[in-house]
Amino acid sequence: MNTYGRFPLELVRGRGVWVWDKQGRRYLDAVAGIAVCTLGHSSRVMRKALERQLRKLQHVSNLYRIPEQEQLAGWIRDNSCAESVFFCNSGAEANEAAIKLARKHGHQVRGIDTSHERGPLILTAHASFHGRTLAAVTATGQPKYHQGFEPMVQGFRYFPYNDISAFEALLHRCEAAGPRVAAVLLEPLQGEGGVNPGDVAFFQRVRDLCDQYKILLIFDEVQVGVGRTGRLWGYQKLGVEPDAFTLAKGLGGGFPIGALCVKASADQLKPGEHASTFGGNPMACRAGLTVASELQRRNLPAHAEQMGALLQNLLLELVERHPQLVKGVRGWGLLQGLVLQAGGPKAIDVVKAAMDQGLLLVPAGTDVVRFVPPLTIQPRHLRLAVKRLEKALLACPSPTPSAS
Ligand code: PLP
């Protein structure tokens, strides 16, 4: 179906931070499947691990115990605030599971009645992105993604990200006639919505209020989790622990997997209440285990932190050289956004021009160009990427002045 506005580029091969098109042209990949290919393309260790797993066992049902799944859940448990994990296949699905968990929490812990008008609410942020399934897209605080798909799922309310007083006002309105809010769902840093890092004071206040009201605080770590921000989990950048968090993208390094990770106190789901045929199958979990062991062996979160700092500096120099084109840089680790000047080229134009220079980038909204390369990227690649980006910026046609 015609659901993607695709670039006229056919990628046929990848190795490390490089991908090749059908004509044999090589591109430096700062997209990595949109923050997915943690270890780069076709890494030797991933190839070996998946080949071995394929020979051993590819798929069995969750009717049976799956040792690879237990090991991966064990790694998440040993290295995060979560105690248990539900595996699925994508970010949207992980958020769907989180939304079901939130509603169960609302009924069981907060005693919210189940009626149409008084059912549990989930509060989410403007400019958030939580996926495209019906509940996940309703949770997404961007009306453009709702248009044409109404009626949306009931039980969501929105507030401006990082705005404490707006959040408190909404919470008090929702709670005015008794318990109503089941959960707050937030990205520690908004990726798709413009690379907006969370504010520590805001998150701390939300945490306090959630504790006070016994509201579940859920973080969507689909884009920021698994080392990308320079810490293993995005919540560590904020120093605020969620009750539950979701993962996908980087966890499988290119193999589809998603996860809902919950603290013991938030673990509400019972056998039969949620399931996925493919979720946590041996192949997907082997991919996840390989990412996990490489993250640790190569200390990739610390590497992402260092490379992120270098990238930020290189981009800041670019801002200094071209203040009429670019305005600033924001982000954590290897999730960085270059903010374009109003009136200059749009993010999509820069992405297209960068492609002509042999560099893959992805927009985050209309005026931010996003870098989410493999966590294995090296300084020489970052220098080359920024050089190519500079050429691309200068090659972008200047926008025609408006008639007024
Ligand atoms: N949540 C966040 C923060 C995301 O960035 C994305 C995808 O970009 C999703 C959820 C949806 O993930 P998926 O496309 O795997 O369903």
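The model is predicted, so local features need pLDDT of at least 70 and side-chain atom pairs count only at pLDDT 80 or more, while totals for chains, interfaces and linings use all residues. Residues are numbered from 1 along each chain as its sequence is written, and side-chain values use heavy atoms, with hydrogens and water left out.

- Helices (H or I, at least four residues) and strands (E, at least two) are DSSP runs, numbered from the N terminus, and two strands pair if DSSP finds at least two bridges between them.
- Strand S1 (residues 11-15) runs antiparallel to S2, and four bridges join the two; here Gly14 stands opposite Val19 in S2.
- Two residues lie between the strands in the hairpin of S1 and S2, where Gly16 takes a positive phi near 60 degrees.
- On its other pairing, S2 is joined to strand S3 (residues 26-29) by three bridges, again antiparallel, with Trp20 opposite Arg26 in S3.
- The hairpin of S2 and S3 has four residues between the strands, and Gly24 takes a positive phi near 90 degrees.
- In a regular strand the side chains alternate between the two faces of the sheet.
- Strand S2 (residues 18-21) is covered on both faces: Trp18 and Trp20 on one side, and Val19 and Asp21 on the other, are all buried. Buried means under 20% relative accessible area, with exposed over 50% and partly exposed in between (1.4 Å probe, protein chains only).

- Four strands form an open sheet in the order S13-S14-S17-S16, with antiparallel pairing.
- Strand S13 (326-332) and strand S16 (362-363) are the edge strands, each pairing on one side only.
- S16 and strand S17 (residues 368-371) run antiparallel and are joined by two bridges; Pro363 stands opposite Val369 in S17.
- Helix H10 (residues 300-321) lies across S13, strand S14 (335-340) and S17, running at about 170 degrees to S13. Axes are lines fitted to C-alpha atoms, for helices over the stretch in contact (heavy atoms within 4.5 Å), and angles run from 0 to 180 degrees between N-to-C directions.

**The second largest pocket**

- The second largest pocket holds about 650 Å³ of space. On a 1 Å grid over the protein atoms alone, a pocket is an open set of points where a 1.4 Å probe fits, with protein on both sides within 12 Å along at least five of seven lines; lining residues have an atom within 4 Å of a point.
- This pocket is lined by 25 residues, and the closest to its centre are Gln69, Val85, Phe86, Phe87 and His274.
- Helix H3 (67-79), strand S4 (84-88) and strand S12 (258-262) are the elements that give two or more residues to the lining. The largest share, four residues, comes from S4.

**Ala183**

- Ala183 sits in strand S7 (residues 181-186) and counts as buried because its relative accessibility is 0%.
- Not counting residues up to four places away in sequence, Ala183 touches Ala102, Leu121, Ile122, Leu123, Ile215, Leu216 and Ile218.
- Ala183 and Ile218 are 35 residues apart along the chain, yet their C-alpha atoms are separated by 6.9 Å.

**Cysteines**

- With a disulfide taken as a pair of cysteine sulfur atoms within 2.5 Å, the count comes to zero.
- Cys210 has its closest cysteine sulfur in Cys174, 12 Å away and therefore too far for a bond.
- Cys285 is in no disulfide either, the nearest cysteine sulfur being that of Cys88 at 11 Å.
- Cys210 counts as buried at 2% relative accessibility, as does Cys285 at 0%.

Technical notes:
Points joined across faces, edges and corners; volume = space filled by probe spheres on them.
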